[in-house]
Amino acid sequence: MKKERFEQNCIPPGFPFSSELTYFTMGSLCAALYSLRFVLDYWNARCALFRQNPLTGEWVLEEGAQIASFSEILGSALNGFLILACSMLFFAALHYQFHFRGSRSIYLMRRLPDRWELHRRCLAGPVLGILICAVAAGMLFLLYFAVYRFATPQECLSPLGGELYGRA
Amino acid sequence: MVELNILNKRYWGKRALENISLCLPRGEIVGLFGENGAGKTTLMKCILGLLPFEGTVTLDGKPVTRKNIASFSFATSEHSFFPNLTAQAHRDFYALHFSHFSDQRFRSLMDFFSLPMHQTIRTFSTGQKNQFEVILALSQGADYILMDEPFAGNDLFNREDFYKVLSGILEPHETLLLSTHLIEEVSGFIGRAILLRRGTLAGDLSVDDLEESGKSLVDAIKEAYHYRADRVSRAIGELSGEEGEK
């Protein structure tokens, strides 16, 4: 219902919204999957903190070992969302261009009494997409930071990491 | 009343309209004539504010802005509808945005032209698309209806229907500015003819005055354009002369 209302009011009339929605959903999934590289990198960094006792086979924390900073491990893990957000600019341009396809509906849109109608319909979707990307990236950032903070042995956290969550 | 005062428009430095000043009172049916590139479409787009220009265009003394833009409707041969929407969806869209939208007129005209309500406009034939474009312009509830070559691609019978509809349904307060090359066809139904030539106003003729003087609209227009009736026969003569020499 909400999707229908959004489509009716915030998308250029007649624009193939479901294709755009499919693209965005797939893009979000890919960005989320790509961000999982943080888990892999973190796991490798965390494993490097330990060494195996050759006699007992037990994993023990190496003395003085420090894990890489959070930003180093995070690297480009969230860049998928940045790329997806940037592609929203392309969709905004596509929405405007849509008013020149098959007819010149731009003439109608530009002479509507509501001056914002055209811009709302062309920009609302992409802006919402950018916001969703920002929120998703922000949530993953917090989640990954929480993993970094709580799954890493305290003594291995770098001073910068310590400052970040008030240990300095 | 719509007033154009010293309207000038240039495209990349090239003159498209020069010093156009004229008035369009309410209730007139006005023909806008001129050769290709004379500036007819540009003039309409300037009135609607779709193009930047120098000079002024006012509606009842006020500049044309979003506040009074609904007083104008526009039917263009380029079409301004949404091809992927149905006629019903257009009706809803227009009713939402134009407070004076006439649902009754819309439905009557859809019936008259036998156009389907629940079919996307892109599936219509060219003639049907033109009809639908005109229906939207007539139903919007505007006082000034601007039509730019609305019959391009329509057959004679279709056009005859258009003229009947236009002359039959227009209210006394509605003004129609009709740009077309079909001078003879519309001559019986317009009250005034505005002539453009290379971006300038070449004439502003009252059809009543022409009738009184016993001159036809076509002849008056030819006169205004300094049309040389013998130019075709001369050209043919020259060509055949050349061939004869060979």
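Strand E9 (residues 192-197) of chain B is joined to E10(B) by six bridges, and the two strands run antiparallel; helices (H or I, at least four residues) and strands (E, at least two) are DSSP runs, numbered from the N terminus. Within this pairing, B:Leu196 has B:Leu201 of E10(B) as its bridge partner. Two strands are taken to pair if DSSP finds at least two bridges between them. The model is a predicted one, in which local features need pLDDT of at least 70, side-chain atom pairs count only at pLDDT 80 or more, and totals for chains, interfaces and linings use all residues. Residues are numbered from 1 along each chain as its sequence is written, while chains are lettered from A and ligands numbered from 1 in the order in which they are written.

Axes are lines fitted to C-alpha atoms, for helices over the stretch in contact, and angles run from 0 to 180 degrees between N-to-C directions. Residues are in contact if their C-beta atoms, placed from the backbone, lie within 7 Å.

Strands E1 (residues 2-11) and E2 (residues 14-24) of chain B pair in the antiparallel sense over seven bridges, with B:Leu17 of E2(B) as the bridge partner of B:Lys9. The hairpin of E1(B) and E2(B) has two residues between the strands, and B:Trp12 takes a positive phi near 50° there.

In chain A, helices H2 (residues 17-35) and H5 (residues 79-98) pack at an angle of about 160°, with their axes 8 Å apart. H2(A) is therefore roughly antiparallel to H5(A), a description applied to angles over 145 degrees. The contact residues include A:Gly27 and A:Ala31 of H2(A) and A:Leu84 and A:Phe91 of H5(A).

Definitions and conventions
Angles under 35 degrees count as roughly parallel, over 145 as roughly antiparallel, 65 to 115 as roughly perpendicular and the rest as oblique. Two residues are in contact if their C-beta atoms, placed from the backbone, lie within 7 Å.
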